[in-house]
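Student: I would like to go through this model step by step. Please begin with the terms.

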Amino acid sequence: MIGSILAWFTDPAHWSGEDGVPHRLFQHLWYTGATLLVAALVAIPLGLWIGHTGRARWLVSAANAVRAVPTLGLLLAASLWLGPHLQGDLAYVVPSIGVLAILAVPPLLAGTYAGIEAVDPAARDAAKGVGMSGRQVLWQVEVPNALPLVMSGVRSATLQVVATATIAAYPGLGGLGRFIIDGQAYGEYRTAAAGALLVAALAVALEGLLALVQRRVVSPGLRGAVGGSRNDDDADPAEMDPAAEPVDVRAHA
Amino acid sequence: MDWLASNWRTVIDLALSHLYLAGVPLVVGFVLAIPLGWVAKRWPRSYPSVVTTTGLLYTIPSLALFVVMPLILGTQILDPLNVVVAMSVYTVALLARTVADGLRSVPDHIEQAATAMGYKGIRRLFGVELPLAAPVIAAGLRVAAVSNVSIVSVASLVGASQLGDLLIDGYNRVIWGELLTGILATVALALVLDAVIVFGTRLVTPWLRAGAGA
């Protein structure tokens, strides 16, 4: 079985054309990038505003409640609803991309909000005390301090979109999920397994890449809070654990 | 509604399989996460590697993991065991870190007091530390339960029968009643499981409400 999957990967026919690995990978990355950008443009400013002003917190809980809705159901309902009104490829692409963008919002919103919320009030007061304006406090104190949690939100959202885009191959979207869905449909397990390995590798690679980005953009002064206690004293674990708070930014599909 | 009225028996059967495919892995994953979380807390140097490894497992998209499982387990492609094992992997991945963080949230002086009273080893873990970590662990269990219920519906694409079948069938035959029933029944199941965990946590942590009752 492993041998036949290896043979699939070494067959040059699977590396060119519309149904080749490079084109499918490109599609998958394109869907992921485009939907994340749209979702980030909505969710990050909203999260900053909610975190900074403390208003409309219910939006965060509402977004989190979406977690219980099965992504497959959302994808199929959107395709069935919008599909007949659209022409050609758009009938498959538009509903799926819309759902992908919607699903990326909750982790981004929760991460941004929780990040701003978790900023040490003393740091905020000190910033006000030295005469910073509301805008300066937000951009020079709150945002840099919130970056670790914002980045967790970005990582969750990315994985959510990569995973959901795979499932969206069922109602007709392109991307690496095509190999899995078509392989299952034609009873070619090795095609499905090859697609699954590619999707898993893509998800792990993106996670690693984003972890590197996070290491670069987060201020070194904040890093101690992730690795453990700084002075070997008993650092409060609740302080560094997003899971212990009502807002959990991890998402999955 | 008409659709539901004439098919409610099927919905109940599918909901029970859904509960099995999401619930068994929740229990298995929780049981496996306890020793892992304990190791990560007992030897702080192992904490980052436990968190990173389980985090990477959680990264793998569900449809991909379901499809890869037969390669690892040597099972048939349509065997529901693939789904049970894959969901257990996700549950362990989520809960190992939660258990470690929960155990770390137990204050040092309480551990020392327990040791002084003669609690040690396993007995201290199950008698003192785990119960005190219950609120943190319960929060993680709720996330795992809700996301398990939601993810399991994807298993219809690899032939494991549960509420996701209603989504696929409703879509293919354009029966809106069936598709919407599938979505709502999945959400309802998630909420029920969530409520059971909240209620269970209240039962095992009576001291949290001891002062509030008066």
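Tutor: Axes are lines fitted to C-alpha atoms, for helices over the stretch in contact, and angles run from 0 to 180 degrees between N-to-C directions. Helices (H or I, at least four residues) and strands (E, at least two) are DSSP runs, numbered from the N terminus. This is a predicted model, in which local features need pLDDT of at least 70 and side-chain atom pairs count only at pLDDT 80 or more, while totals for chains, interfaces and linings use all residues. Residues are numbered from 1 along each chain as its sequence is written, and chains are lettered from A and ligands numbered from 1 in the order in which they are written.

Student: How many helices are there in chain B?

Tutor: Read along the sequence, chain B follows the pattern α-α-α-α-α-α-α-α. The count of strands is 0, and that of helices is 8.

Student: Are α2(B) and α4(B) roughly parallel or roughly antiparallel?

Tutor: Their axes come within 8 Å and cross at roughly 150°. Angles under 35 degrees count as roughly parallel, over 145 as roughly antiparallel, 65 to 115 as roughly perpendicular and the rest as oblique. Therefore α2(B) and α4(B) are roughly antiparallel.

Student: How many residues of the contact of α2(B) with α4(B) are nonpolar?

Tutor: Residues are in contact if their C-beta atoms, placed from the backbone, lie within 7 Å. Among those making this contact are B:Val50 and B:Leu57 of α2(B), and B:Ala93 and B:Arg97 of α4(B). Ala, Val, Leu, Ile, Met, Phe, Trp, Tyr, Cys and Pro count as nonpolar, Asp, Glu, Lys and Arg as charged, and the others, Gly among them, as polar. The contact has 1 charged residue, 1 polar and, as nonpolar, 12.

Student: Which helix gives the most to the side of chain B that touches chain A?

Tutor: In total, 43 residues of chain B are in contact with 42 residues of chain A. Helices that each supply at least two residues of that side of chain B include α2, α4 and α8. With 8 residues, the helix that gives the most is α6(B).

Note on methods. Two residues are in contact if their C-beta atoms, placed from the backbone, lie within 7 Å.
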